[in-house]
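The following note sets out numbered points for a colleague who is reading the model alongside its sequence. Each point takes up one region or one topic.

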Amino acid sequence: MDGKANDLLAGILPDWPQWAVSLLLAMSAALAVTLVINHFYTSNDETESPEEHKLLNKSHKTHESLLAEFNSFRWSYLSVYLVIMLADWMQGTHMYTLYLSYNVNISALFLTGFLSGAIFAPFLGSLVDKFGRKRSCIIYCVLEIIINWLEHYSHFGTLLLGRVLGGISTNLLFSAFESWMTTEHRRKGFPEEWLARTYSDCSIANGSTAVLAGVVAQVLEDLLGHIGPFQGAIALTFLAMILVLRWDENYGEESEGSHAESSLYRQFVDGWKLVASDSKIFRIGLIQALSEGGTYTFVFMWVPTLLGMDPPGGVPTGAVFSSLMMAITIGGVCFQPVEQFFGTRITSKAKAPEISAVFAYIMASMSMAVPALCLCCAPAGVCFEKVLASFLLIEFCVGLSSPIAGMLRSKYVPDAYQGAIMNIFRLPLNAVVVSGTYATDIFEPYQVFGVVSGLFFAAAVIQMTLAIGKTKEVKKD
């Protein structure tokens with residue numbers, strides 16, 4: 001039966017090797033099974049928690065009306081997130097090939113983007129908190145439209161300007177949207193535990209849109225050439241900007257009018273003071289830098305590693321990419337069941353995110369130890385399946401840890417300084433990414449994977465210090 005299914009799929013898909021077709025089929029089945037299991041084992045919305053009961057008494061709302069209001073808010077955010085991430089993935093899947101067709105210095109362009117992100121990160125978040133998260137999201141959309149328009153020109157200076165702006169827009173992407181959602185969630189009076197649903201949906205959406213982006217970008221490239229995916233990204237970003245206009249504005253200061261009284265300098269200084277004085281916030285930022293830095297380094301490594309192993313029939317990168325993104329989606333789907341398991345069987349509900357994060361980072365470290373050992377000590381032909389499985393496992397860990405990291409940021413980082421502190425976190429992150437990118441040029445692949453494994457293990461150790469510490473209330477002010 002499996003052989004017939006593989007033959008049928010092989011007849012529909014391009015001329016890919018049998019192992020790639022089997023991989024796609026297996027990952028599709030795994031995703032379907034995970035969705036079914038998640039449906040039956042994740043707690044439903046009909047259960048009223050003690051926290052929700054208190055909120056209902058204060059607001060004089062029914063459970064049904066509060067849930068309906070929350071779902072409306074959640075889909076208002078997710079609709080924008082889906083469009084934004086689809087546009088972002090469409091650029092990412094074809095940026096390398098576009099620059100290759102322009103015959104420009106590709107590494108210099110990518111390095112410029114990371115350096116720009118590192119330079120602007122320390123104070124960009126203060127601007128987000130001071131002038132408004134909604135406005136910052138709109139500025140992100142405008143910047144992305146300009147950046148994708150600049151990609152139409154092969155002049156190196158023009159492309160370099162696009163990468164500088166890209167560093168700024170990336171910081172906005174990973175701070176303005178999330179800080180708007182977290183603050184608005186609390187301002188509307190929804191239970192804290194419901195944040196997990198939005199973060200889980202975001203992780204699932206991230207993996208799903210990546211799979212879709214690969215297909216859509218390829219169709220646009222076939223129709224319009226290498227620039228096609230970037231033209232599609234312009235249209236999607238414009239749509240996202242229209243959707244953002246429906247949002248309410250929120251700022252880094254919760255009390256009405258206090259954002260107007262707060263100076264940009266104060267936002268900047270207070271954000272840095274909080275990171276320096278609160279060890280929990282500092283550790284959250286360090287964990288993010290280590291884990292995401294390791295992930296970005298892996299992203300640079302997986303294609304040349306698999307190509308170098310020369311598997312039978314070659315490496316159809318599109319098929320492998322789709323399989324890796326399905327692994328991310330599976331991780332996002334598993335987030336809530338995993339957190340519930342740790343919260344009911346291993347530790348308290350309050351400590352479930354911290355323990356879940358330790359679990360995810362240890363698994364990620366172990367997964368990267370596999371290529372480090374295999375590429376060092378065994379023939380390539382023997383290692384291919386093991387290395388490929390380890391790549392799927394780390395992407396699963398990325399999908400699992402992404403919503404956990406969002407929950408921990410919302411737990412420890414005050415709403416008033418969400419944008420500022422999240423961008424401060426990106427300073428060490430960009431430093432790790434630049435170092436990791438440089439390492440791929442001077443070290444052997446097995447050595448780089450060993451370093452990545454070490455980064456995740458260090459993240460797990462630091463995360464464990466948060467897990468064994470005392471739980472404190474969420475800082476909302």
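1. Cysteines. C376 is partly exposed because its relative accessible area is 43%, where partly exposed covers values between buried (under 20%) and exposed (over 50%), computed with a 1.4 Å probe on protein chains only. C334, with a relative accessible area of 19%, is buried. The count of disulfides is 0, a disulfide being a pair of cysteine sulfur atoms within 2.5 Å.

2. Basis of the model. This is a predicted model, in which local features need pLDDT of at least 70 and side-chain atom pairs count only at pLDDT 80 or more, while totals for chains, interfaces and linings use all residues. Residues are numbered from 1 along each chain as its sequence is written, and side-chain values use heavy atoms, with hydrogens and water left out.

3. Overall composition. The chain has 18 helices and 0 strands; these are DSSP runs, with helices being H or I of at least four residues and strands E of at least two, numbered from the N terminus. Of the 477 residues, 55% count as buried. Among contacts with a separation of 6 or more, 84% join residues 24 or more positions apart, contact meaning heavy atoms within 4.5 Å.

4. Nonpolar cores. The largest nonpolar core has 120 residues, of which I84, F177, L306 and F391 touch the most other members. Helix α4 (residues 63-102) supplies the largest share of this core, 15 residues. A second, separate core of 10 residues includes M95, L98, L159 and I227. A nonpolar core is here a set of buried Ala, Val, Leu, Ile, Met, Phe, Trp, Tyr and Cys residues joined through side-chain atoms within 4.5 Å. In soluble globular proteins, nonpolar side chains tend to be buried together.

5. Surroundings of L306. Leaving aside residues up to four places away in sequence, L306 touches P311, V315, V320, F384, V387, L388 and F391.

6. Helix α5. This helix covers residues 106-131, and its 26 residues should span 38 Å at 1.5 Å a residue; the end C-alpha atoms are 35 Å apart, which agrees. The expected span is 1.5 Å times one less than the number of residues. At A121, shortly before the proline P122, α5 has a kink of about 55°; the bend at a residue is the angle between axes fitted to the seven residues ending there and the seven starting there. At the start of α5, a side-chain oxygen of N105 comes within 3.1 Å of the backbone nitrogen of A108. Just after α5, G132 has a positive phi of about 110°.

7. Helix α13. The 31 residues of α13 (residues 279-309) should span 45 Å at 1.5 Å a residue, and the 43 Å between the end C-alpha atoms agrees with this. A bend of about 35° lies at M301, with the proline P304 following within four residues. At the start of α13, a side-chain oxygen of D278 reaches to within 3.0 Å of the backbone nitrogen of K280.

8. Most residues other than glycine have a negative phi. D310 lies in the loop between α13 and α14 (317-346). N103, in the loop between α4 and α5, has a positive phi of about 60° although it is not a glycine. N103 counts as exposed at 71% relative accessibility.

9. N250 sits in the loop between α10 (228-244) and α11 (258-261), and is buried because its relative accessible area is 1%. The side chains of N250 and E184 are joined by a polar contact of 2.9 Å; such a contact is a pair of N or O atoms within 3.5 Å, and within protein one must be able to donate a hydrogen and the other to accept it, with residues adjacent in sequence counting only if both atoms are side-chain atoms. Beyond its neighbours within four places in sequence, N250 is in contact with residues including G132, R133, S179 and W180. S179 belongs to helix α8 (residues 176-187) and is buried, with a relative accessible area of 0%. A polar atom of the S179 side chain lies 2.6 Å from the backbone oxygen of S175.

10. I404. Where does I404 lie? I404 is in helix α16 (residues 380-412) and counts as buried at 1% relative accessibility. The C-alpha atoms of I404 and E354, 50 residues apart along the chain, are separated by 7.9 Å. Not counting residues up to four places away in sequence, I404 touches F335, P353, S356 and A357.
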